[in-house]
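Please keep the sequence and the model in view while reading.

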Amino acid sequence: MSGPEETSGGAGGAAPEFMTTKEVAAYLRIKERRIYELLKQKAIPCTKVTGKWLFPKDLIDLWLAENAEGKTAAPVPPPVIAGSQDPLLDWAVKQSGCGLAMLPGGSLDGIRRFARGEAVAAGLHIFERHGPSFNVATVRAALGNRPVALMEWAMRSQGVIVAPDNPAGIHALTDLVYGRVVRRQATAGSQLLLEELLESRGIDPAKIRWTEEIAYGETDLGMAVLERRADAGFAIEAVANALELNFTPVTVERFDLLARRRDFFAPPLQRLLTFCRSEAFAARAKEMGGYDVSELGRIHFNGV
């Protein structure tokens, strides 16, 4: 259960968001056989969907930059947390007075912004079928030679959300074929996970009746269902609870924060983490529902 959701376009136009094995070999100007060697070594950013290896172009570009000689020093990042949206994180950032701002845009977008020095941290929840489970293999391939770390934020319950009267009769993931489903942007970990889960159940994501609207955050997706612009969506339990939508749990995912090791000890993130040890934080996580924060602060990856 992992990976990007859209196959790349043909040759001759602008570079696709996701490249096939043949396309990434041409892009890197190496033999396709060498790509398979890198895949075997888990040394190149990639994912697998419907039996095909796909390569996010943004992460391939980062991988190239990280492995280039004569790199310049990274700029001092602004006090921003990019990446995936998490309602508990949004709340904690505001309540802690840590001085950080949120810039949600999806997990893959978060890695890209972080690597370019546009954010001090990034929220990630990228399931990796061929990795340790979440985020680690992607970050190792893209940023493994930087002094970065992945810190667990929370385990989150993900599932299908529908309106209380459930007009399309959707009760499980496989029922999504019967209604209009709102989708997330291609860089969102939730969308990548949803399409992998569908594939694992023998459902071609291309057969789903997606709405034209794209939700750029968990709450936006919930609002699309609440306001009847869609029959269903795939989101975390906390959003369903907040909007009083029906929720069917499907899986549990790990949401991590990516940052340079030194920045975890700088005042902004320290203030945030100190607040997360408070009774108020624990109470809020329980109230929102669908969170397990018992391992918050655990390091799952340490870069060079």
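Arg156 and Asp86 are both buried, a term that denotes under 20% relative accessible area, with exposed meaning over 50% and partly exposed in between (1.4 Å probe, protein chains only). The two residues form a salt bridge whose closest N and O atoms are 2.8 Å apart; a salt bridge is a side-chain nitrogen of Lys or Arg within 4 Å of a carboxyl oxygen of Asp or Glu. The pair links distant parts of the chain, 70 residues apart: Arg156 belongs to strand 7 (residues 148-162), and Asp86 to the loop between strand 4 (80-83) and helix 4 (87-96). Helices (H or I, at least four residues) and strands (E, at least two) are DSSP runs, numbered from the N terminus. Asp86 and Arg156 also take part in a network of salt bridges with Arg184, Glu218 and Glu253.

The model is predicted: local features need pLDDT of at least 70, side-chain atom pairs count only at pLDDT 80 or more, and totals for chains, interfaces and linings use all residues. Residues are numbered from 1 along each chain as its sequence is written, and side-chain values use heavy atoms, with hydrogens and water left out.

A further salt bridge joins the side chains of Glu213 and Arg229 (2.8 Å, N to O). Glu213 lies in strand 9 (residues 209-215) and Arg229 in the loop between helix 8 and strand 10 (232-236), so this pair ties together parts 16 residues apart in sequence. Glu213 is partly exposed, at 29% relative accessible area, and Arg229 is partly exposed at 33%. The salt bridge between Asp256 and Arg254 (2.8 Å, N to O) involves two buried residues.
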